[in-house]
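Hi everyone, thanks for making the time this morning. I'd like to walk you through one chain, so please keep the sequence and the model open while I talk.

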Amino acid sequence: MPKSSSLADGAKTYYRPIEAAIRWSGLLRFERRILATLGQRPLPEATEFPRWPMLRLNTERIFDALAHGEMPYGKEGLVRDTQGFQQFRVLATAVDLRLFSLLPARGAAVPDVASMLGFEERPTRILLTALISMGLLEKRGPRYRTTPLSRMYLVEGRPAYYGDFVQMMDRRLYDAYRHLDRSLRTNRPVTADPAIGDLFRTMAQDPAMVRLFTSGMHATGTYWADALAKSYDFSRHRVLLDVGGGSGIYAISIARRYPRLRAVVFDLPGVLEIARRNVNATWVCVTSLFNDC
Ligand SMILES: C[S@@+](CC[C@H](N)C(=O)[O-])C[C@H]1O[C@@H](n2cnc3c(N)ncnc32)[C@H](O)[C@@H]1O
(Lines give C-alpha, C1' and ligand atoms only; values in the text may rest on other atoms or scores of the structure.)
Protein backbone atom coordinates (compact mmCIF):
# COMPACT_ATOMS: atom_id res chain seq x y z
CA MET A 1 0.00 0.00 0.00
CA PRO A 2 1.41 3.42 -0.88
CA LYS A 3 2.36 5.66 2.02
CA SER A 4 0.11 8.65 2.41
CA SER A 5 1.94 11.60 0.91
CA SER A 6 1.99 15.33 1.57
CA LEU A 7 1.42 18.13 -0.92
CA ALA A 8 3.31 21.40 -0.73
CA ASP A 9 0.40 23.30 0.86
CA GLY A 10 0.08 20.77 3.67
CA ALA A 11 -2.91 18.92 2.20
CA LYS A 12 -2.32 15.30 1.25
CA THR A 13 -3.12 13.29 -1.85
CA TYR A 14 -5.17 10.90 0.25
CA TYR A 15 -5.75 9.94 3.85
CA ARG A 16 -5.88 6.59 5.59
CA PRO A 17 -9.29 6.08 7.24
CA ILE A 18 -7.72 6.66 10.66
CA GLU A 19 -6.12 9.91 9.45
CA ALA A 20 -9.47 11.09 8.11
CA ALA A 21 -11.17 10.06 11.36
CA ILE A 22 -8.60 11.99 13.41
CA ARG A 23 -9.48 15.16 11.45
CA TRP A 24 -13.20 14.43 11.60
CA SER A 25 -12.95 14.02 15.39
CA GLY A 26 -11.04 17.32 15.79
CA LEU A 27 -7.95 15.52 17.08
CA LEU A 28 -5.39 16.72 14.56
CA ARG A 29 -3.08 18.06 17.24
CA PHE A 30 -2.85 14.52 18.69
CA GLU A 31 -2.33 12.86 15.32
CA ARG A 32 1.32 11.94 15.80
CA ARG A 33 0.62 10.37 19.19
CA ILE A 34 -2.42 8.43 17.97
CA LEU A 35 -0.64 7.07 14.90
CA ALA A 36 2.42 6.08 16.94
CA THR A 37 0.18 4.19 19.38
CA LEU A 38 -1.71 2.40 16.61
CA GLY A 39 1.27 1.46 14.42
CA GLN A 40 -0.07 -0.55 11.46
CA ARG A 41 -3.44 -1.19 13.08
CA PRO A 42 -6.24 0.47 11.12
CA LEU A 43 -8.66 0.90 14.00
CA PRO A 44 -8.28 1.67 17.73
CA GLU A 45 -9.50 -0.92 20.22
CA ALA A 46 -12.79 -0.09 21.98
CA THR A 47 -10.89 0.60 25.21
CA GLU A 48 -8.06 2.53 23.60
CA PHE A 49 -8.15 6.36 23.81
CA PRO A 50 -11.04 6.44 26.36
CA ARG A 51 -10.99 10.27 26.21
CA TRP A 52 -11.85 10.18 22.53
CA PRO A 53 -14.60 7.58 21.88
CA MET A 54 -15.49 9.42 18.64
CA LEU A 55 -12.19 8.39 17.13
CA ARG A 56 -13.05 4.70 16.91
CA LEU A 57 -16.67 5.42 15.98
CA ASN A 58 -15.70 7.75 13.12
CA THR A 59 -13.08 5.30 11.83
CA GLU A 60 -15.70 2.54 11.84
CA ARG A 61 -18.08 4.83 9.95
CA ILE A 62 -15.48 5.33 7.24
CA PHE A 63 -14.85 1.58 6.94
CA ASP A 64 -18.60 1.07 6.80
CA ALA A 65 -18.95 3.58 3.97
CA LEU A 66 -16.11 1.85 2.12
CA ALA A 67 -17.77 -1.54 2.53
CA HIS A 68 -21.06 -0.14 1.20
CA GLY A 69 -19.39 1.34 -1.87
CA GLU A 70 -20.22 4.88 -0.78
CA MET A 71 -16.61 6.03 -1.21
CA PRO A 72 -15.89 4.82 -4.73
CA TYR A 73 -12.20 5.65 -4.66
CA GLY A 74 -11.78 4.00 -1.31
CA LYS A 75 -8.87 4.67 0.94
CA GLU A 76 -6.27 4.65 -1.79
CA GLY A 77 -7.41 7.30 -4.22
CA LEU A 78 -6.77 6.55 -7.88
CA VAL A 79 -4.46 3.67 -6.99
CA ARG A 80 -7.62 1.63 -6.66
CA ASP A 81 -8.39 2.14 -10.35
CA THR A 82 -5.19 0.44 -11.41
CA GLN A 83 -4.61 -2.06 -8.62
CA GLY A 84 -8.09 -2.73 -7.38
CA PHE A 85 -8.22 -6.04 -9.25
CA GLN A 86 -5.37 -7.35 -7.09
CA GLN A 87 -7.12 -6.40 -3.89
CA PHE A 88 -10.37 -7.91 -5.11
CA ARG A 89 -8.66 -11.22 -5.90
CA VAL A 90 -6.95 -11.23 -2.49
CA LEU A 91 -10.33 -10.68 -0.85
CA ALA A 92 -12.13 -13.26 -3.01
CA THR A 93 -9.37 -15.83 -2.42
CA ALA A 94 -9.51 -15.31 1.35
CA VAL A 95 -13.31 -15.70 1.27
CA ASP A 96 -13.00 -18.89 -0.83
CA LEU A 97 -10.49 -20.24 1.67
CA ARG A 98 -12.94 -19.33 4.48
CA LEU A 99 -9.99 -17.68 6.20
CA PHE A 100 -12.03 -15.13 8.16
CA SER A 101 -14.35 -17.85 9.46
CA LEU A 102 -11.52 -20.25 10.31
CA LEU A 103 -9.33 -17.80 12.23
CA PRO A 104 -9.92 -18.18 15.98
CA ALA A 105 -10.99 -15.02 17.85
CA ARG A 106 -7.62 -14.81 19.61
CA GLY A 107 -5.87 -15.05 16.22
CA ALA A 108 -3.32 -17.52 14.91
CA ALA A 109 0.36 -17.42 13.99
CA VAL A 110 1.65 -18.11 10.47
CA PRO A 111 2.50 -21.82 11.04
CA ASP A 112 -0.98 -22.50 12.38
CA VAL A 113 -2.72 -20.61 9.58
CA ALA A 114 -0.50 -22.39 7.04
CA SER A 115 -1.46 -25.82 8.36
CA MET A 116 -5.11 -24.75 8.56
CA LEU A 117 -5.05 -23.85 4.86
CA GLY A 118 -2.66 -26.60 3.75
CA PHE A 119 -0.18 -24.02 2.42
CA GLU A 120 3.51 -23.40 2.99
CA GLU A 121 4.39 -20.63 5.41
CA ARG A 122 5.81 -18.16 2.89
CA PRO A 123 2.69 -17.78 0.70
CA THR A 124 0.55 -17.81 3.84
CA ARG A 125 2.48 -14.85 5.25
CA ILE A 126 2.15 -12.99 1.94
CA LEU A 127 -1.62 -13.49 1.90
CA LEU A 128 -1.99 -12.44 5.54
CA THR A 129 0.14 -9.34 4.96
CA ALA A 130 -1.94 -8.33 1.95
CA LEU A 131 -5.09 -8.68 4.05
CA ILE A 132 -3.58 -6.48 6.78
CA SER A 133 -2.89 -3.77 4.19
CA MET A 134 -6.57 -3.93 3.25
CA GLY A 135 -7.75 -3.51 6.85
CA LEU A 136 -9.23 -7.03 6.91
CA LEU A 137 -6.76 -8.57 9.37
CA GLU A 138 -4.61 -7.19 12.17
CA LYS A 139 -1.46 -8.57 13.75
CA ARG A 140 -0.86 -8.75 17.49
CA GLY A 141 2.60 -10.14 18.26
CA PRO A 142 2.88 -13.24 16.07
CA ARG A 143 -0.89 -13.70 15.77
CA TYR A 144 -3.15 -12.61 12.93
CA ARG A 145 -6.79 -12.01 13.67
CA THR A 146 -9.88 -10.50 12.08
CA THR A 147 -10.68 -6.78 12.35
CA PRO A 148 -14.10 -5.34 13.26
CA LEU A 149 -14.70 -4.83 9.52
CA SER A 150 -13.96 -8.43 8.49
CA ARG A 151 -15.69 -9.84 11.57
CA MET A 152 -18.88 -8.02 10.67
CA TYR A 153 -18.97 -8.76 6.94
CA LEU A 154 -16.77 -11.75 6.19
CA VAL A 155 -17.34 -14.29 8.97
CA GLU A 156 -19.90 -16.85 7.85
CA GLY A 157 -23.16 -16.88 9.76
CA ARG A 158 -23.01 -13.19 10.77
CA PRO A 159 -26.22 -11.26 9.93
CA ALA A 160 -24.34 -8.89 7.59
CA TYR A 161 -22.26 -11.64 5.92
CA TYR A 162 -21.17 -10.35 2.52
CA GLY A 163 -18.98 -13.23 1.34
CA ASP A 164 -21.68 -14.65 -0.96
CA PHE A 165 -21.68 -11.40 -2.94
CA VAL A 166 -17.88 -11.41 -3.14
CA GLN A 167 -17.91 -15.00 -4.46
CA MET A 168 -20.67 -14.23 -6.93
CA MET A 169 -18.82 -11.24 -8.36
CA ASP A 170 -15.63 -13.26 -8.55
CA ARG A 171 -17.02 -16.35 -10.29
CA ARG A 172 -19.54 -14.65 -12.55
CA LEU A 173 -18.06 -11.31 -13.51
CA TYR A 174 -14.33 -11.24 -12.84
CA ASP A 175 -13.36 -13.10 -16.03
CA ALA A 176 -16.20 -11.49 -17.97
CA TYR A 177 -14.71 -8.04 -17.39
CA ARG A 178 -11.50 -9.26 -19.05
CA HIS A 179 -13.57 -9.17 -22.25
CA LEU A 180 -15.22 -5.79 -21.74
CA ASP A 181 -13.58 -4.45 -24.90
CA ARG A 182 -15.09 -7.30 -26.95
CA SER A 183 -18.51 -6.56 -25.56
CA LEU A 184 -18.16 -2.87 -26.40
CA ARG A 185 -16.89 -3.60 -29.92
CA THR A 186 -19.60 -6.12 -30.78
CA ASN A 187 -22.52 -4.69 -28.79
CA ARG A 188 -23.02 -8.24 -27.45
CA PRO A 189 -23.01 -9.54 -23.87
CA VAL A 190 -20.15 -11.81 -22.85
CA THR A 191 -22.08 -13.61 -20.10
CA ALA A 192 -25.02 -14.75 -22.25
CA ASP A 193 -25.29 -17.29 -25.04
CA PRO A 194 -27.62 -15.74 -27.68
CA ALA A 195 -28.61 -19.26 -28.82
CA ILE A 196 -30.14 -19.82 -25.36
CA GLY A 197 -31.43 -16.33 -24.55
CA ASP A 198 -30.51 -13.47 -22.23
CA LEU A 199 -28.01 -13.85 -19.42
CA PHE A 200 -30.61 -15.18 -16.97
CA ARG A 201 -31.80 -17.88 -19.39
CA THR A 202 -28.15 -18.74 -20.03
CA MET A 203 -27.42 -18.87 -16.33
CA ALA A 204 -30.45 -21.11 -15.77
CA GLN A 205 -28.47 -23.88 -17.53
CA ASP A 206 -26.08 -23.91 -14.59
CA PRO A 207 -28.04 -24.41 -11.34
CA ALA A 208 -24.92 -23.97 -9.18
CA MET A 209 -24.37 -20.53 -10.75
CA VAL A 210 -28.05 -19.63 -10.23
CA ARG A 211 -27.65 -20.51 -6.54
CA LEU A 212 -24.46 -18.47 -6.25
CA PHE A 213 -25.97 -15.51 -8.11
CA THR A 214 -29.13 -15.53 -6.02
CA SER A 215 -27.25 -15.87 -2.72
CA GLY A 216 -24.94 -13.04 -3.80
CA MET A 217 -27.89 -10.77 -4.62
CA HIS A 218 -29.45 -11.75 -1.30
CA ALA A 219 -26.28 -10.77 0.59
CA THR A 220 -26.09 -7.33 -0.99
CA GLY A 221 -29.88 -6.89 -0.96
CA THR A 222 -29.91 -7.25 2.82
CA TYR A 223 -28.75 -3.63 3.12
CA TRP A 224 -30.87 -2.08 0.38
CA ALA A 225 -34.06 -4.00 1.21
CA ASP A 226 -34.07 -2.71 4.75
CA ALA A 227 -33.47 0.86 3.53
CA LEU A 228 -36.32 0.54 1.01
CA ALA A 229 -38.75 -0.84 3.60
CA LYS A 230 -37.97 2.09 5.89
CA SER A 231 -38.00 4.83 3.29
CA TYR A 232 -41.30 4.22 1.47
CA ASP A 233 -44.73 4.06 3.09
CA PHE A 234 -46.24 0.78 1.87
CA SER A 235 -49.23 0.98 4.24
CA ARG A 236 -51.39 2.42 1.43
CA HIS A 237 -50.96 -0.79 -0.57
CA ARG A 238 -52.43 -4.25 -0.18
CA VAL A 239 -50.34 -6.24 -2.67
CA LEU A 240 -46.72 -5.97 -3.67
CA LEU A 241 -45.51 -7.75 -6.81
CA ASP A 242 -41.72 -7.96 -7.04
CA VAL A 243 -40.94 -8.83 -10.66
CA GLY A 244 -37.51 -10.44 -10.87
CA GLY A 245 -37.60 -10.60 -7.07
CA GLY A 246 -34.74 -13.09 -6.80
CA SER A 247 -34.23 -14.54 -3.33
CA GLY A 248 -37.23 -12.58 -2.05
CA ILE A 249 -35.11 -10.37 0.17
CA TYR A 250 -36.97 -7.16 -0.76
CA ALA A 251 -40.43 -8.74 -0.42
CA ILE A 252 -39.42 -10.29 2.91
CA SER A 253 -38.06 -7.05 4.40
CA ILE A 254 -41.07 -5.04 3.27
CA ALA A 255 -43.66 -7.64 4.34
CA ARG A 256 -41.95 -7.97 7.72
CA ARG A 257 -42.43 -4.24 8.28
CA TYR A 258 -45.95 -4.20 6.82
CA PRO A 259 -47.56 -7.48 8.00
CA ARG A 260 -50.89 -6.71 6.27
CA LEU A 261 -49.23 -6.46 2.88
CA ARG A 262 -49.39 -9.51 0.62
CA ALA A 263 -46.10 -9.75 -1.21
CA VAL A 264 -45.54 -11.87 -4.31
CA VAL A 265 -42.13 -12.68 -5.75
CA PHE A 266 -42.14 -13.38 -9.48
CA ASP A 267 -39.03 -14.94 -10.98
CA LEU A 268 -37.68 -17.83 -13.05
CA PRO A 269 -38.40 -21.36 -11.72
CA GLY A 270 -34.81 -22.15 -10.66
CA VAL A 271 -34.59 -18.93 -8.65
CA LEU A 272 -37.96 -19.48 -7.03
CA GLU A 273 -36.76 -22.78 -5.60
CA ILE A 274 -34.28 -20.72 -3.57
CA ALA A 275 -36.81 -17.97 -2.78
CA ARG A 276 -39.25 -20.57 -1.47
CA ARG A 277 -36.72 -21.60 1.19
CA ASN A 278 -36.36 -17.99 2.37
CA VAL A 279 -39.91 -16.81 2.57
CA ASN A 280 -42.38 -17.30 5.35
CA ALA A 281 -45.63 -18.32 3.67
CA THR A 282 -47.70 -16.03 5.87
CA TRP A 283 -45.94 -12.96 4.50
CA VAL A 284 -44.74 -13.70 1.04
CA CYS A 285 -45.51 -16.13 -1.72
CA VAL A 286 -43.50 -16.88 -4.82
CA THR A 287 -44.65 -17.55 -8.34
CA SER A 288 -43.47 -17.95 -11.90
CA LEU A 289 -47.03 -17.38 -13.16
CA PHE A 290 -49.21 -14.52 -12.01
CA ASN A 291 -52.13 -16.76 -11.02
CA ASP A 292 -50.07 -19.27 -9.00
CA CYS A 293 -50.62 -17.74 -5.55
C1 LIG B 1 -30.35 -8.61 -11.03
S2 LIG B 1 -31.42 -9.85 -10.41
C3 LIG B 1 -32.26 -8.95 -9.16
C4 LIG B 1 -32.87 -9.84 -8.11
C5 LIG B 1 -33.56 -9.08 -6.97
N6 LIG B 1 -34.54 -8.11 -7.43
C7 LIG B 1 -32.51 -8.39 -6.12
O8 LIG B 1 -32.26 -7.18 -6.31
O9 LIG B 1 -31.89 -9.07 -5.28
C10 LIG B 1 -32.65 -9.98 -11.68
C11 LIG B 1 -33.67 -11.04 -11.40
O12 LIG B 1 -34.60 -11.07 -12.50
C13 LIG B 1 -34.93 -12.41 -12.78
N14 LIG B 1 -35.41 -12.55 -14.16
C15 LIG B 1 -34.73 -12.36 -15.30
N16 LIG B 1 -35.49 -12.63 -16.36
C17 LIG B 1 -36.71 -13.00 -15.89
C18 LIG B 1 -37.94 -13.40 -16.51
N19 LIG B 1 -38.05 -13.47 -17.82
N20 LIG B 1 -38.98 -13.70 -15.72
C21 LIG B 1 -38.88 -13.64 -14.36
N22 LIG B 1 -37.75 -13.26 -13.73
C23 LIG B 1 -36.67 -12.95 -14.49
C24 LIG B 1 -33.62 -13.14 -12.55
O25 LIG B 1 -33.79 -14.54 -12.36
C26 LIG B 1 -33.08 -12.44 -11.31
O27 LIG B 1 -33.47 -13.06 -10.12
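**Around the ligand, and outward from there**

Let's begin at the ligand, whose surroundings consist of Phe200, Met217, Gly221, Gly244, Gly245, Gly246, Ile249, Phe266, Asp267, Leu268 and Val271. Please keep in mind that this is a predicted model. By class, the shell around the ligand has six nonpolar residues, four polar ones and one charged one.

Now let me step back to the whole chain. It contains 14 helices and six strands. Of its 293 residues, 27% are buried. If you take the contacts with a separation of 6 or more, 52% of them join residues 24 or more positions apart.

As a general point, nonpolar side chains in soluble globular proteins tend to be buried together. Here, the largest nonpolar core has 32 residues, and the ones with the most contacts inside it are Ala94, Leu128, Leu131, Leu136, Leu154 and Tyr162. Which elements give two or more residues to this core? They are helix 1 (17–24), helix 3 (53–67), helix 4 (79–96), helix 5 (99–102), helix 7 (121–133), helix 8 (148–154), helix 9 (163–178) and helix 12 (207–231). Take Leu128 as an example: once we set aside neighbours within four places in sequence, Leu128 is in contact with Val110, Val113, Leu137 and Tyr144. There is also a second, separate core, with 17 residues, and among them are Ala251, Phe266, Ala275 and Val279. You have already met Phe266, as part of the ligand's surroundings.

Next, a helix pair I'd like you to look at. The axes of helix 12 and helix 13, the latter being residues 249–257, come within 8 Å of each other and cross at roughly 35°. Is that crossing left-handed or right-handed? It is right-handed. On the helix 12 side, the residues that meet helix 13 are His218, Gly221, Thr222, Ala225, Asp226, Leu228 and Ala229, and their partners in helix 13 are Ile249, Tyr250, Ser253, Ile254 and Arg257. This contact is made up of six nonpolar, four polar and two charged residues. If you look back at the ligand, Gly221 and Ile249 are also among the residues that surround it.

Why is helix 13 largely enclosed by the rest of the structure? Because seven of its nine residues are buried. Those buried residues are Ile249, Tyr250, Ala251, Ile252, Ser253, Ile254 and Ala255.

Now for some backbone geometry. Most residues other than glycine have a negative phi. Phe49, though not a glycine, has a positive phi of about 50°. You'll find Phe49 in the loop between helix 2 (31–38) and helix 3. Phe49 is partly exposed, because 19 other C-beta atoms lie within 10 Å, and a residue needs 20 or more to be buried. Arg98 also has a positive phi, near 60°, and is not glycine either. Arg98 sits in the loop between helix 4 and helix 5. With 15 C-beta neighbours inside 10 Å, Arg98 is partly exposed. In sequence Arg98 and Leu154 are 56 residues apart, yet their C-alpha atoms are 8.7 Å apart in space.

Let me finish with a few more pairs to click on. Trp24, in helix 1, has 18 C-beta neighbours inside 10 Å and therefore counts as partly exposed. Is Arg277 buried or exposed? Arg277 is exposed, as 10 other C-beta atoms lie within 10 Å. Arg277 and Ser247 are 30 residues apart in sequence, with 8.7 Å between their C-alpha atoms. Finally, Arg122 is in helix 7 and is exposed, with 10 C-beta neighbours inside 10 Å. The C-alpha atoms of Arg122 and Pro111 are 9.5 Å apart, and 11 residues separate the two along the chain.

That's my tour, and I'm happy to take your questions.

Note on methods:
Residues numbered from 1 in each chain as written. Predicted model: local features only at pLDDT ≥ 70, side-chain atom pairs only at ≥ 80, totals over all residues. Near = placed C-beta within 6 Å. Nonpolar A, V, L, I, M, F, W, Y, C, P; charged D, E, K, R; others polar. Helix = DSSP H or I, 4+ residues; strand = E, 2+ residues; numbered from the N terminus. Buried ≥ 20, exposed ≤ 12 C-beta atoms within 10 Å, placed from the backbone. Contact = placed C-beta atoms within 7 Å. Core = buried A, V, L, I, M, F, W, Y, C linked by C-beta atoms within 7 Å. Axes fitted to C-alpha atoms, helices over the stretch in contact; angles between N-to-C directions. Left-handed = near helix turned anticlockwise from the far one by under 90°.
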